[in-house]
Amino acid sequence: MPSAIGAHVAPAPQHPVQASLPTVEEVSAGGVVVDTSDGELRVAIIARLNRGGRLEWCLPKGHPEGRENNEEAAVREIAEETGIEGSILAPLGSIDYWFTVSGHRVHKTVHHFLLQATGGELTIENDPDQEAVDAAWVPIQELARKLSFPNERRIADLAREVLPEHL
């Protein structure tokens, strides 16, 4: 709403400041890797510190490298960030969101997949970016409650819903 100063009215800005920032498109891939070996149905997740220093639990994900497709990137990123090797069972869909960093807006699309764990040990030691500060196995029934972001909680719910079709 414009503010009146004497007889002059200050015009409202025509465009929000955010709109004038350059936009970058980013793509990542990752997902829900489930250990089905003992009937417990546990999922490997990671914790990262956000820019404010708060711990956020999330699904492992990252950018495709070279000529990787989204499936290959998801398998590699999950292995790097959690230490768990997996094979894809099904696509779980994509989410997208916006954020601002370093003077530009980022539109990020993340492709998620359901994977069955095939080996490895839970660790963050192989994360080349050192973004993960912790990793944990979480029972699939508790996964949505543990994840920090609503869009990832929806992916977790979908994974729990479709998993029985692949066991």
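Is Leu-41 buried or exposed? Leu-41 is buried, with a relative accessible area of 18%, where buried means under 20% relative accessible area, exposed over 50% and partly exposed in between (1.4 Å probe, protein chains only). Keep in mind that this is a predicted model, in which local features need pLDDT of at least 70, side-chain atom pairs count only at pLDDT 80 or more, and totals for chains, interfaces and linings use all residues. Residues are numbered from 1 along each chain as its sequence is written, and side-chain values use heavy atoms, leaving out hydrogens and water.

**Confidence**
- Mean pLDDT for the protein is 88, and 89% of its residues reach 70 or more; pLDDT is the predictor's confidence in each residue, from 0 to 100.
- Helix H1 (residues 70-82) has the highest confidence, at 97, while strand S1 (residues 4-5) has the lowest, at a mean of 38.
- Helices (H or I, at least four residues) and strands (E, at least two) are DSSP runs, numbered from the N terminus.
- Over residues 1-18, pLDDT stays under 50, and the model has 7 contacts beyond four places in sequence for them; contact means heavy atoms within 4.5 Å.
- Where pLDDT is low, the predicted coordinates should not be read in detail.

**Nonpolar cores**
- The largest nonpolar core holds 23 residues, and Val-32, Val-34, Val-43, Ile-45, Leu-92, Leu-114 and Leu-143 touch the most other members.
- Such a core is a set of buried Ala, Val, Leu, Ile, Met, Phe, Trp, Tyr and Cys residues joined through side-chain atoms within 4.5 Å.
- At least two residues of this core come from each of strands S3 (23-35), S4 (42-49), S7 (84-101), S8 (104-120) and S9 (132-139), and from each of helices H2 (143-146) and H3 (150-162).
- H3 gives the largest share of this core, 4 residues.
- Leaving aside residues up to four places away in sequence, Leu-143 touches Val-32, Val-43, Ile-45, Val-138 and Ala-156.
- Apart from this core lies another, of 10 residues, including Val-33, Ala-44, Phe-113 and Leu-115.

**Loops with positive phi**
- Leu-41 sits in the loop between S3 and S4, and its phi is near 55°, a positive value in a residue other than glycine.
- Ser-102, in the loop between S7 and S8, has a positive phi of about 50° although it is not a glycine.
- Ser-102 counts as exposed because its relative accessibility is 67%.
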